[in-house]
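Please keep the sequence and the 3D view open while you go through them.

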Amino acid sequence: MQRSLEQRMAIKFCVKLEKSAAKTIPMLKKAFGVDCLSDRQIFRCHKAFAEGREHVNDENRAELPSTSSSEDNVKRVRDLLNTDRRLSVRLISETLDITKTIVHEIVSVALGMRKVCAKLVPKSYFQRVYTHPIVDTVYGNFGIYRYLGIIFD
């Protein structure tokens, strides 16, 4: 950050001396070495200072990119899911004209739902039903028997 600010000051100084961008690049590469801005960035800054830009600080940027997961879209997805819980993410995205990734984020994060047996249900229900998950790769289907204390030889 600080190095690019120094380089923009140097570019502005070269513009004041009426040096071309092509002559500015080798001087900056010699002065800053590996930390030098790319040629494209030097050309862009040189052009901006030549056209009258005065400040060397970064320009203001938007803080966060806007996404489609707004409160309005969350409400639309919730209303659509309340009509039919068997809708897929793809079908919801096509119906509401929202991207699939945003619909998936809304359903899983904002609404806290999971897909179980072709139905979207709240995660709290899922955790209530499966309080003791059995995962046993050695015994396969016999995992429940092992959990109950029945051992097969």
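1. Which residues in α1 meet which residues in α2? On the α1 side they are Arg3, Glu6, Gln7, Ala10, Ile11 and Cys14, and on the α2 side they are Thr24, Met27, Leu28 and Phe32. By class, this contact of α1 with α2 has six nonpolar, two polar and two charged residues. Please bear in mind, here and in every point below, that the model is predicted.

2. The geometry of this helix pair can be described as well. Helix α1 covers residues 2-16 and helix α2 covers residues 21-32, and their axes come within 11 Å while crossing at roughly 145 degrees. The crossing in which α1 passes α2 is right-handed.

3. Of the 153 residues in the protein, 27% are buried. If you take the contacts between residues at least 6 apart in sequence, 48% of them join residues at least 24 apart.

4. The loop between α1 and α2 holds glutamate 18, a residue that has a positive phi of about 65 degrees although it is not a glycine. As background, most residues other than glycine have a negative phi. Is glutamate 18 buried or exposed? With a relative accessible area of 73%, glutamate 18 lies over the 50% cut-off and is therefore exposed.

5. Another residue to look at in the same way is aspartate 97, which is found in the loop between α5 (89-96) and α6 (100-110). Aspartate 97 is not a glycine either, and yet it has a positive phi of about 60 degrees. Its relative accessibility is 72%, so aspartate 97 counts as exposed.

6. Why does serine 93 count as buried? The reason is that its relative accessibility is 8%, and buried means under 20%. When residues up to four places away in sequence are not counted, serine 93 touches Ile98, Thr99, Lys100 and Val103.

7. One of those partners, Val103, leads on to helix α6, where Val103 is buried together with Ile102, Ile106, Val107 and Ser108. Just after α6 comes glycine 112, which takes a positive phi of about 65 degrees.

8. Finally, please turn to the largest pocket, in which about 300 Å³ of space lies. Its lining is made up of 13 residues, and those nearest its centre are Arg8, Arg44, Cys45, Arg53 and Asp58. Which helix gives the largest share of this lining? The answer is α3, with four residues, and both α1 and α3 (39-50) supply at least two residues each. By class, the lining has three nonpolar, four polar and six charged residues.

Terms used
Residues numbered from 1 in each chain as written. Predicted model: local features only at pLDDT ≥ 70, side-chain atom pairs only at ≥ 80, totals over all residues. Heavy atoms only, no water. Axes fitted to C-alpha atoms, helices over the stretch in contact; angles between N-to-C directions. Left-handed = near helix turned anticlockwise from the far one by under 90°. Contact = heavy atoms within 4.5 Å. Nonpolar A, V, L, I, M, F, W, Y, C, P; charged D, E, K, R; others polar. 1 Å grid on protein atoms, 1.4 Å probe; cavity = no way out; pocket = protein on both sides within 12 Å on 5 of 7 lines; lining within 4 Å. Points joined across faces, edges and corners; volume = space filled by probe spheres on them. Buried < 20%, exposed > 50% of the residue type's maximum accessible area, 1.4 Å probe, protein only.
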